[in-house]
Amino acid sequence: MTVMTTSLMGPTTEAPWDVLLLTAPMLAPIAVAVAAAFLGWGRAVSWASVAASAVILASAIFLAVQTTGGTALAAAGLLRADALSAVMLLVIGAVALVATWAGVSYINDELAAGHTDARGARLYGVLVQLFLAAMVLAVLASNLGVLWAAIEATTIVTAFLVGHHRTPAALEATWKYVMICSVGIALAYLGTVLVYYAGRQAGLDSQGSLEWTQLVAHADQLDPGVMRLAFALLVLGFGTKAGLVPLHSWLPDAHSQAPAPVSALMSGVLLSVAVYALLRYHVIAVAVLSPTFVRTLLLTVALASLVLAASMLLAQRDYKRLLAYSSIEHMGLVVIGVAVGTRLAVAALLLHILGHGLGKAVLFCGSGQILAATGTTKIAGVRGLLMRRPVLGATFALGLAALLGLPPFSLFASELGLARAGVQAGLGWVVAFMMVLLLVVFVAITVRTAPMLFGSAVDAVDSPPPPRSGAATAPLVTGLVALALMGVFAWPLGQLLRSAAEIAGTR
């Protein structure tokens, strides 16, 4: 039986097929996590993890087809997917597919080199899948309280993944990550409680007070004073998980110490899911509060993050930390899009999230291969990759080109879209400042990484490379091809992005 209701966001359907589409991307990784817990890391479990990522991606594609026209799908009053959810699920599925695919070779190499043991590999297999399930729940939750809980769950799961190598540096990064993100998630919790209070004061029942559709529909009845404080806390709280200033300092340490596929997932998906939460709340905030207050708060955080990232990139000597600070830069760009808030800005920032996720998946997984080949994360210890390891060097170079926004990759189109949206919204000064900082970032990354690719190998540290097969480089190449195709062809993402922008953007 199919149930259809009409809401402010468009028609909502709830049918058995819809329930399957919404639950499959969570159940698949959970099933693999259970298998990994009982069977350990082996050929079957490792490739099952890739299959679970493929299920997430396939579900996202089906959801995109279903929701592009404005329809939303629901399941049991707990899960809901619209075009915005479908875009984020595409991000999770695409990045997860690259990361788990590359993770098969990565963990096998770690076991062969003695950097981890069977217990560590088993734990990795369980936690990565639980991480994916939590992120899927976050973007499919119809209730903002469940969204908060899912993002909190990612903190718990990833803390153990950051400390996977059990070195002093990894343990220090883990504690730093837990403490700072706990502060952030506590702030987000207070903001969520205040939103609940505002909803109850507006006459919503206990269940509807945190239902996103209900809050949007009754936004004009919410208390502006309460919502102003709530939104400020939410920006600080979820901004912490997104790696934004001022509670950003966990990110470089955590991303540089985590296993390469985990760094890819954290940078490519976790940060973006936190921004997704801000985007959902932004829809409510702009309907209740002064647009100037909302925009000023978001622009302050975003521009401060860009300034910090640009300045720190100039001084980096570690290529994994360089990629981590680049993530702060890109999240700053995305939040500028949230601040602008128009439909063009939302479509551009969503395309940017997808492009950044795939680009970081390629680069972080590539950095894991560079570390295995050279034994160091120091930029000075890596030289002449294009000559000594041409396939790895070429994929890393193309990943950097994508990250820097060069055509034909999709980040060129998304950054251009963000700039256009800013100018159209009367924020030309923001666009000009953003472009200057992007130029600084371009120079910093180019100057730091050029010797890694083209330099002399005389002073480079080198270790005997582990045996490589097509499985090691295939996911990186696949990610690059997808990035290029998204930058060249508007179809099929164009209409989906427009539908998502109609949900979260203003005219």
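Me: What does contact mean here?
Reply: Two residues are in contact when they have heavy atoms within 4.5 Å. The model is predicted. With neighbours within four places in sequence set aside, Leu-354 is in contact with Leu-90, Val-91, Ala-94, Met-486 and Leu-493.

Me: Where is Leu-354 placed?
Reply: Leu-354 is in helix α13, residues 343-374.

Me: Why is Leu-354 called buried?
Reply: Its relative accessible area is 7%. Buried means under 20%. Leu-354 is therefore buried.

Me: What distance separates the C-alpha atoms of Leu-354 and Val-382?
Reply: They are 29 Å apart. Along the chain, the two are 28 residues apart.

Me: Why does Thr-68 count as buried?
Reply: Thr-68 has 18% relative accessibility. The cut-off is under 20%. So Thr-68 counts as buried. Thr-68 lies in a loop, between α2 (43-67) and β3 (72-75).

Me: Which residues is Thr-68 in contact with, leaving aside its neighbours within four places in sequence?
Reply: They are Gln-495, Leu-496 and Ser-499.

Me: How do you know that Ile-503 is buried?
Reply: Ile-503 has a relative accessible area of 15%. The cut-off is again under 20%, so Ile-503 is buried. Ile-503 sits in helix α19, residues 493-504. The C-alpha atoms of Ile-503 and Lys-360 are 27 Å apart, and 143 residues separate the two along the chain.

Me: What makes Arg-166 partly exposed?
Reply: Its relative accessibility is 45%. Buried needs under 20% and exposed needs over 50%. Arg-166 falls in between, so it counts as partly exposed. Arg-166 is in the loop between α5 (144-162) and α6 (168-201).

Me: Why are α4 and α10 called roughly parallel?
Reply: Helix α4 (residues 118-140) and helix α10 (residues 260-288) pack at an angle of about 20 degrees. Their axes are 10 Å apart. Angles under 35 degrees count as roughly parallel. That makes α4 roughly parallel to α10. Among the residues making the contact are Tyr-124, Phe-131 and Met-135 of α4, and Pro-261, Leu-265 and Tyr-276 of α10. By class, the contact has 15 nonpolar, no polar and no charged residues. The crossing of α4 and α10 is left-handed.

Me: Why are α2 and α3 roughly antiparallel?
Reply: The axes of α2 and helix α3 (residues 83-113) cross at roughly 160 degrees. They come within 8 Å. Over 145 degrees counts as roughly antiparallel, so α2 and α3 are roughly antiparallel to each other. The contact of α2 with α3 divides into 19 nonpolar, seven polar and no charged residues. The crossing of α2 and α3 is left-handed.

Me: How do you know that the span of α16 agrees with its number of residues?
Reply: Helix α16 covers residues 410-424, which is 15 residues. At 1.5 Å a residue, it should span 21 Å. Its end C-alpha atoms are 21 Å apart, so the span agrees.

Me: Which residues of α16 are buried?
Reply: The buried residues include Leu-411, Glu-415, Leu-418 and Gly-422. After α16 comes Gly-426, with a positive phi near 80 degrees.

Me: How do you know that the span of α8 agrees too?
Reply: α8 has 18 residues, so at 1.5 Å a residue it should span 26 Å. Its end C-alpha atoms are 25 Å apart, which agrees.

Me: Which elements do the buried residues of α8 pack against?
Reply: They pack against α5, α6, α9, α10 and α11 (291-313). Among the buried residues of α8 are Met-227, Phe-231, Leu-234 and Phe-238.

Me: Which kind of peptide bond, cis or trans, joins Val-245 and Pro-246?
Reply: The bond is cis, with omega about 10 degrees. Pro-246 is in the loop between α8 (224-241) and α9 (250-257). Most peptide bonds are trans.

Me: What is omega for the bond that joins Pro-407 and Pro-408?
Reply: Omega is about 10 degrees, and this peptide bond is cis. Pro-408 is in the loop between α15 (390-403) and α16.

Terms used
Residues are numbered from 1 along each chain as its sequence is written. This is a predicted model: local features need pLDDT of at least 70, side-chain atom pairs count only at pLDDT 80 or more; totals for chains, interfaces and linings use all residues. Side-chain values use heavy atoms; hydrogens and water are left out. Helices (H or I, at least four residues) and strands (E, at least two) are DSSP runs, numbered from the N terminus. Buried means under 20% relative accessible area, exposed over 50%, partly exposed in between (1.4 Å probe, protein chains only). The expected span of a helix is 1.5 Å times one less than its number of residues. Axes are lines fitted to C-alpha atoms, for helices over the stretch in contact, and angles run from 0 to 180 degrees between N-to-C directions. Angles under 35 degrees count as roughly parallel, over 145 as roughly antiparallel, 65 to 115 as roughly perpendicular and the rest as oblique. A crossing is left-handed if the near helix is turned anticlockwise from the far one by less than a right angle, and right-handed if clockwise. Ala, Val, Leu, Ile, Met, Phe, Trp, Tyr, Cys and Pro count as nonpolar, Asp, Glu, Lys and Arg as charged, and the others, Gly among them, as polar.
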